[in-house]
Amino acid sequence: MKAAIMGYGTIGSGVAEVLDTNHDSIAKRAGEEIEVKYVLDLRDFPGDPIQEKIVHEYQVIAQDPEVQIVVETMGGVEPAYTFVKAMLEAGKHVTTSNKALVAEKGAELIALAREKNVNFLFEASVGGGIPIIRPLNCCLTADEIEEITGILNGTTNYMLTRMSEDGLDFDDVLKEAQDKGYAEKDPTADVEGYDACRKIAILTSLVCGQQVDFNDIHTEGITKITAADFKYAKAMGRTIKLLATSRRVGDSYCAMVAPCLLASDHPLYPVSDVFNAIFVHGNVLGDAMFYGSGAGKLPTASAVVADMVDIAKHIHTNILLEWSSRKVDLVDYRNADNRFFVRTSSSEADVKAVFGDVERIEAEGVDGEFGFVTDSMTEAEYEEKAAKLSGVLQMIRVK
């Protein structure tokens, strides 16, 4: 079976490596050998065995009837969308690791694949090598999924782990993450929470079968988290994680991405370094958690190749994915209940005048401020009260 890879960067080269390394076992599971015929890239790779397969025009792949499976690992919405659409229209199956493409164009591309009786699969777009898309689509279909909460970005989890363990500040740990290759030169998508936002939008879309617009999801990153925050977290017996959460509320969902303080008995508390984990609660299943490498060349490539094998097994069959283009109106996050950890330069008397009785938190080595945890209240109620309190230095939600 002939395949093509569009984009020979980290993930694309990883796909070629996985296909080569596990050639025999992949052939056995797919029912026949999978051979890469073309690699689409703007660059040439002299000296690389892949060079003889390099093409610079996507039409070469689209117009070759021998190619049945196309892998898209280019990233970004364009030109990936144009290329993927052309492949599906040409009757070719596509698998992608591109969360930006899936979050924005997923419903449309799934519908096109169904029309052409081919498949558009995207296991690697969420959680890297962690299987979550297929379990939601195949294994958990007897359940009504009531909540998905995940650590969905390895870069930010690594940074928060280092801040927690070594008392480092954000700027120092960001530079370290960049030096180690965990963070991009422009880390905005990771540290501002946009990457995790797109991933929770994809998962929510699959769960509810409709389009969730990631622009509608309230998103906060980790850029304002400080070493002092971790001193308070330690005093509370908690840690800080960037969580992407989606909860069923009536006939809709409430979704958010934000840093949260987790207690030691929370299932996501011990997830550290570059690892990801996705907690799922179903009305029949109860709780389940998926844990593993959320990024990286070979773990992500492994998920892409798993999609290729699934396609090979369903080469003449469209695998049904319920995800229509009809948009979901998300529940306003301001209606959600939370407890809030707050640091302020205001006095205890001023805090109690606004918030009433609160739980005071004292952190070793932090002076000149008042830290406290509120009772449970809605986000809207918190915002209203916080506006009356001068000198708020930080707010982190408490789970």
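Predicted model: local features only at pLDDT ≥ 70, side-chain atom pairs only at ≥ 80, totals over all residues.

I started with N117, which sits in the loop between α5 and β6. Helices here are DSSP runs of H or I with at least four residues, strands are E runs of at least two, and both are numbered from the N terminus. N117 is not a glycine, yet its phi is positive, about 55°. With a relative accessible area of 39%, N117 is partly exposed (buried means under 20%, exposed over 50%, partly exposed in between, using a 1.4 Å probe and protein chains only).

Residues are numbered from 1 along each chain as its sequence is written, and side-chain values use heavy atoms, with hydrogens and water left out.

I then checked D273, another non-glycine with a positive phi, near 60°. D273 belongs to the loop between β10 (252–263) and β11, and its relative accessible area of 30% makes it partly exposed. I also flagged the peptide bond between E78 and P79, which is cis with omega about 5°. P79 is in the loop between β4 and α4.

**The parallel sheet.** What is the strand order in the open sheet of six strands? I read it as β3-β2-β1-β4-β5-β6, with parallel pairing (two strands pair if DSSP finds at least two bridges between them). β3 (54–55) and β6 (120–121) are the edge strands, each pairing on one side only.

I went through β4 (residues 67–72) with some care. Five of its six residues are buried. β4 pairs in parallel with β1 (residues 2–6) over five bridges, and A3 has I69 as its bridge partner in β4. Towards β5 (residues 93–96), β4 also runs parallel, with four bridges; there E72 is partnered by T96. β5 in turn is joined to β6 by two bridges, again parallel, and T95 stands opposite L121 in β6.

I looked at the crossover too: β4, helix α4 (residues 80–89) and β5 form a right-handed β-α-β unit. Right-handed here means that, with the strands pointing away from the viewer, the path from the first strand over the helix to the second runs clockwise.

**K37.** K37 is in β2 (residues 35–40) and is partly exposed at 25% relative accessible area. Its side chain makes a polar contact of 2.8 Å with that of D64 (a pair of N or O atoms within 3.5 Å; within protein, one must be able to donate a hydrogen and the other to accept it, and residues adjacent in sequence count only if both atoms are side-chain atoms). Beyond four places in sequence, K37 touches K2, A3, K53, D64, E66 and V67, where contact means heavy atoms within 4.5 Å.

**Helix α7.** Does the length of α7 agree with its residue count, or disagree? At 1.5 Å a residue, its 13 residues (154–166) should span 18 Å, and the end C-alpha atoms are 18 Å apart, so the two agree. The expected span is 1.5 Å times one less than the number of residues. N153 caps the N-terminal end, with a side-chain oxygen 3.2 Å from the backbone nitrogen of T155. After α7 comes G167, with a positive phi near 65°. I count α7 as mostly covered, since 10 of its 13 residues are buried. The cover includes α8 (170–179), α11 (227–236) and β9 (238–249).

**D229.** Last entry: D229, in helix α11, is buried at 0% relative accessible area. Its side chain reaches the backbone nitrogen of T226 at 2.8 Å. D229 also touches K224, I240, R343, Q394 and I396, leaving out residues up to four places away in sequence. Just after α11, G237 has a positive phi of about 70°.
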